[in-house]
Amino acid sequence: MKTMELVAPCHFGLEAVLKREIIDLGYEISYVEDGKVCFIGDAEAICRANLFIRTAERILIHIGSFHAETFEELFEGTKKLPWEDYIPENGRFWVAKATSIKSKLFSPSDIQSIMKKAMVEHLKQKYHKEWFEEEGDHYPIRVSIMKDEVHVYMDTSGDSLHKRGYRLLNGKAPISETLAAALILLTPWKSDRILVDPFCGSGTFPIEAAMIGSNMAPGLQRSFLAEKWENLIPAIEWQEVRREAEELVDMSIKMDIQAFDIDGEIIKAARENARRAGVEKQIHFQQRPVKALSHPKKYGFLITNPPYGERIETKESIESIYRELGEQFVALDNWSAYIISSCEDTERYMGRKADKKRKIYNGMMKTCYYQFLGAKPPKARINSGET
């Protein structure tokens, strides 16, 4: 089967997590850049990447690259690309998004318009037509221009991959599903360890953890644009990959995942989101303030996205919230805490320096992922059979 270069964009700072996911799926990495990981795959890889990868924002096909400093060069470079290999005669095609950084061509609308015209001219020659009805399936194109180098992609996902299909009800400042999954994968948490989110909001951290623990593919409950592209991907490929994903789900795994929030209505919304995700039995939801945070067992994990004081809380109230979190964390026996926050005083409020810190953008907001590491649990003894 024909291979191609596929591109998976992600949150800046999380490229290593995404790279590991792609390698675990069995695909060869071609290169890694800020905010994206590129790999080699075939039609099946497009299906599997969309369904199984938790941390990518979408899966793109790399159509081609060229240098352009003028609109004429942009037109000619676009026209030379093999569009007939990807877009059928009745396909609807357009440049859905254009970005330009440090380049002579900088107007997104002009870039989009000129590239569309070039695509039409190319396909007119290949299909021997003067007019395209474009009544068929959608083939959106994305272009990125960096230092006058034009990179052209076709989007296979449609809606961003963070839209799993379960979160109809949001909290006040929700974290995206892809970012939450990546932050969990940055920790050593496994399904046999305790996980508590004391600021669960719409439930994204607990739900993503329950899906990871149950081996539930993140894309199992949604559709993808490329599912309609039978000119590129036979329908049987999608059917087989979905069947594989369904067979891998294991809801018999017992987990101790707890989700708390001070807002009772938010807890109801989070519980409904978990129900839609199919993991409501894996999570214990409860209305509880952070000052009531406790757990009798050792070696658990706090993974949370507390208020930053930017949108949903006043900065005056942040200190008491973080101090209460720090006080309750100290009382937990050999626990680890993983906190994403833009609050620069997080370490002071927690009463200790973070063991690790990672800069991450949560949307357009610059944040830090603070990692306070607890002791590792002792390894289970193996019964030698001796009396």
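Buried means under 20% relative accessible area, exposed over 50% and partly exposed in between, using a 1.4 Å probe on protein chains only.

## Ground rules

This is a predicted model, where local features need pLDDT of at least 70 and side-chain atom pairs pLDDT 80 or more, while totals for chains, interfaces and linings use all residues. Residues are numbered from 1 along each chain as its sequence is written, and side-chain values use heavy atoms, leaving out hydrogens and water.

## Aromatic pairs

Searching the whole structure turns up nine aromatic pairs (Phe, Tyr or six-membered Trp rings with centres within 6.5 Å; planes under 30 degrees apart are stacked, over 60 edge-to-face, the rest tilted). Take Tyr27 and Phe39: their ring centres are 6.0 Å apart and the planes sit at 35 degrees, so this pair is tilted. Tyr27 counts as buried at 13% relative accessibility, and Phe39 does too at 0%.

Then there's Phe301 with Tyr338, stacked because the planes are at 15 degrees, with centres 6.0 Å apart. Phe301 is in strand E11 (residues 301-304) and Tyr338 in strand E12 (residues 336-341), so the pair ties together parts 37 residues apart in sequence; strands here are DSSP runs of at least two residues, numbered from the N terminus. Phe301 is buried at 1% relative accessibility, and Tyr338 is buried at 2%.

## A cluster and two charges

Phe93, Tyr127 and Phe132 are linked into a cluster by ring pairs. Lys116 lies over the face of Phe93, 3.9 Å from the ring centre (NZ of Lys or CZ of Arg within 6 Å of the centre and within 35 degrees of the ring normal). Over at Phe260, the charged end of Arg288 sits above the ring, 4.2 Å from its centre.

Notes. Helices (H or I, at least four residues) and strands (E, at least two) are DSSP runs, numbered from the N terminus.
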